[in-house]
2 protein chains.
Amino acid sequence: MSVSEKIDNAETEDRPEEEGRPRPRPATIYDVAELAGVSIKTVSKVINNLPQVSYATRQRVSEAVETLSFRPNQLARGLASSRSFMLGLFCDAPAAGSGYAARIQMAMLTMCHNEGYHLIVECVHATNPQVGRQVNALVAQSSLAGVLLMPPLSDVPALIAALKHTKTPIVRFSPGTAESDVIDVDIDNCAAARDMTNYLIGLGHRRIGFVRGPLYHGDAVMRFEGYRLALAAAGIAFDEDLCADGDYTYKTGMRAGEQLLSLPERPSAIFASNDDMAAGVMAASLRFNLRIPQDLSVAGFDNEIISHAMSPRLTTCHQPIAEMAEAAFFAIIRQNKKHAGTFHLPHKIVVRGSTAAPGMAGVDNDDNEAPTPFFNG
Amino acid sequence: MSVSEKIDNAETEDRPEEEGRPRPRPATIYDVAELAGVSIKTVSKVINNLPQVSYATRQRVSEAVETLSFRPNQLARGLASSRSFMLGLFCDAPAAGSGYAARIQMAMLTMCHNEGYHLIVECVHATNPQVGRQVNALVAQSSLAGVLLMPPLSDVPALIAALKHTKTPIVRFSPGTAESDVIDVDIDNCAAARDMTNYLIGLGHRRIGFVRGPLYHGDAVMRFEGYRLALAAAGIAFDEDLCADGDYTYKTGMRAGEQLLSLPERPSAIFASNDDMAAGVMAASLRFNLRIPQDLSVAGFDNEIISHAMSPRLTTCHQPIAEMAEAAFFAIIRQNKKHAGTFHLPHKIVVRGSTAAPGMAGVDNDDNEAPTPFFNG
DNA sequence: CTGAAAGCGCTTACAG
DNA sequence: CTGAAAGCGCTTACAG
């Protein structure tokens, strides 16, 4: 089929079927080379932005690309170079902590779009013993440029081992365990939880309840640790009775809140490991007829959209999602696992109306907000 | 680096460097054919479950596959057959209505995983005039087996035209406009909103407020239509003053609630087009010191997790997410756009504590729940 | 029931 | 600065 025929056909798409005409096949690198009067090698250089092509030639090729609406076939490219422009994003069930995962995904999507990559999302079950097989089946088959692990997958040794075996660069978000030859991206969850606890202590709280997250989440472990460190530093004895367990869902947060508020001597503040659970605590406080923050201060973690959507709005800890996604992306693309290590991005305590000194009414000041938008920002 | 050197390196990954050993290159179809003593054609048949291979041969090939941990390279497969095992999921920014989109994505992930497909998620901006180019760059390049359009992308003509041009099967979720040669999957939003309105009317409500969703969302249009039809059928005059606008976010729901509750003669019930906005309405009602449902009934739509996570829990309309994903998946895979048309899946009104007859206390009965889980179910 | 050969559309040494 | 050729790992008519 000649180039002109092809061009012709592409145009016929909206008209009724015409016979005797070959079907519009997308233009290939050969078509471009022919139209530009160069070899395919030269075209390849141009579309890959490689040097050593004269300006005039580059220009001519670009025009041909434009004329033919040529788009290099990613499959062929990947096959020939054994490196695809695809990143794998592996996540567990989204039920728990879904806000964080969804925001990371969105931010990664933006990065990929800007840089010409694509994101393959895969659902992997942390507890599946076949996890290694599943990983190989995907990674080996598709020469993924890298794999991003969302918690709690960041801490599944079998998964990481399988991934390392395939030589795929790995980025783990918010891991709780150490691992060699991988890139870790998170905030310092321990320091952040310590900061939040210190803030509550600074307000005058002494009996501070804590709602733990699921301990197979590394970040949940670190946040609990930060809480304890802050108490210790302030000379407040740790009291297991002031701790309750949740799995990062609203419902378990509510149960935990009921448990803590049923104590003979109830806490004056409750710090939940994430915003969903903090929302549950606030719901529980209604049943005890407690005013927030006069009778009970509540703090969350993550700066999820829900933390904004309550009344009073929730004091929480902001994670710089977009920056984390950007760090992960470039670490995986550019450094190709040579620069394994940890990226600790800065967190920020966001004070809103749900916390105050014991017995005091709250102040909910919009100016306290992080200036960055919640999503994509 | 020579091939043998390369092979060498991979093998040594966990052990100290060994010399003289070829590197573990992933097994190819040739390796399998050699080990099984057959041609690659036969191997191809076996791995693709094609007929006309004797049982004994199939057995031998399968063993070789197992022994070598062979996984067919998806890139090569896609290139050779010009059909990949990848589906594209296109969504707009996730801010509004993100719950629905996230749940669809999760359900599609499960479908893909079960059926050996992969999901490429792409962020497309409905208002981007270059939308056609963006689509081509992805679809044409990767021979996607099909593309799933999430609202509001379901109603972006330029996008759909570009997609049709590439001959890719298209599934639209919850579209508001008609389109030929595509597969549509949704519930009957109009009938569902009518059912909900009828339910409120049946409770004795006459002044029923309505919070519209963004009208570039087809489902928002249909839900508004259903509300009006129900009023008309009951002989209740439509009153634009009882309507307010939102964009499916909590915040706009709260504003809409404030607007409607500030009316001289305020509504006894408010039906919001989605759960997030209904939650906003409930928050607004607090500021007016209204008890729910005694002073105000509130209904939402979608049966999002948030509808469960409020007190009282929200009366809403359940969408069968998993069934929608399944219908979409098989429509795209099997029917390959030959059977274009609409799949209307059944909705279900879920009555909870936020609605009651005017002046009456609510009943929140767990048994009213749809027995299906929220996610994946 | 099975094989040998061509081809999918690129990239990549190797030459010049 | 550019070209001709081999090869990535599959599928698919075409033969038998």
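Mentor: Before we start, helices here are DSSP runs of H or I with at least four residues and strands are DSSP runs of E with at least two, both numbered from the N terminus. The model is predicted, with local features needing pLDDT of at least 70 and side-chain atom pairs counting only at pLDDT 80 or more, while totals for chains, interfaces and linings use all residues. Residues are numbered from 1 along each chain as its sequence is written, and chains are lettered from A and ligands numbered from 1 in the order in which they are written.

Trainee: Which element gives the most to the side of chain B that touches chain A?

Mentor: In chain B, 40 residues are in contact with 40 residues of chain A, contact meaning that the C-beta atoms, placed from the backbone, lie within 7 Å. At least two residues each come from α5 (74-81), α6 (98-115), β2 (118-123), α7 (131-142) and α12 (275-287) of chain B. With six residues, the element that gives the most is α6(B).

Trainee: What relation do the two copies have?

Mentor: Superposing chain B on chain A takes a rotation of 180° with 0.0 Å of shift along its axis, at an RMSD of 0.1 Å, by least squares on the C-alpha atoms of residues with pLDDT of at least 70 in both copies. The relation is therefore that of a two-fold axis.

Trainee: In β2(B), which residue is the bridge partner of A:Val121?

Mentor: Strand β2 (residues 118-123) of chain A pairs with β2(B) in the antiparallel sense over three bridges, where pairing requires at least two DSSP bridges. Within β2(B), the partner of A:Val121 is B:Leu119.

Trainee: Which element gives the most residues to the surface near DNA strand C?

Mentor: Around DNA strand C there are 24 residues, of which A:Ile29, A:Ser44, A:Ala76, A:Ala80 and B:Ser39 come nearest; a residue is near if its C-beta atom, placed from the backbone, lies within 6 Å. Two or more residues each come from α3 (40-47) and α5 (74-81) of chain A and from α3 (40-47) and α5 of chain B. With five residues, the element that gives the most is α5(A).

Trainee: And which element gives the most to the surface near DNA strand D?

Mentor: DNA strand D is also surrounded by 24 residues, the closest being A:Ser39, B:Ile29, B:Ser44, B:Ala76 and B:Ala80. Here α3 and α5 of chain A and α3 and α5 of chain B each supply at least two residues. The element that gives the most, with five residues, is α5(B).

Trainee: At about what angle do α2(B) and α3(B) pack?

Mentor: The contact involves B:Ile29, B:Tyr30, B:Val32, B:Ala33 and B:Ala36 of α2(B) with B:Ile40, B:Val43 and B:Ser44 of α3(B). Axes are lines fitted to C-alpha atoms, for helices over the stretch in contact, and angles run from 0 to 180 degrees between N-to-C directions. The axes of helix α2 (residues 29-36) of chain B and α3(B) are 8 Å apart, and the helices pack at an angle of about 105°.

Trainee: Which strands stand at the edges of the open sheet of chain A?

Mentor: This sheet has four strands in the order β7-β6-β8-β9, with parallel pairing. Inside it, β6 (residues 208-212) and β8 (residues 269-272) of chain A pair over four bridges, and A:Phe210 has A:Phe271 as its bridge partner in β8(A). Each edge strand has a single partner strand, so one side is left without a neighbour in the sheet, and in chain A these are β7 (243-245) and β9 (297-299).

Conventions: Two residues are in contact if their C-beta atoms, placed from the backbone, lie within 7 Å.
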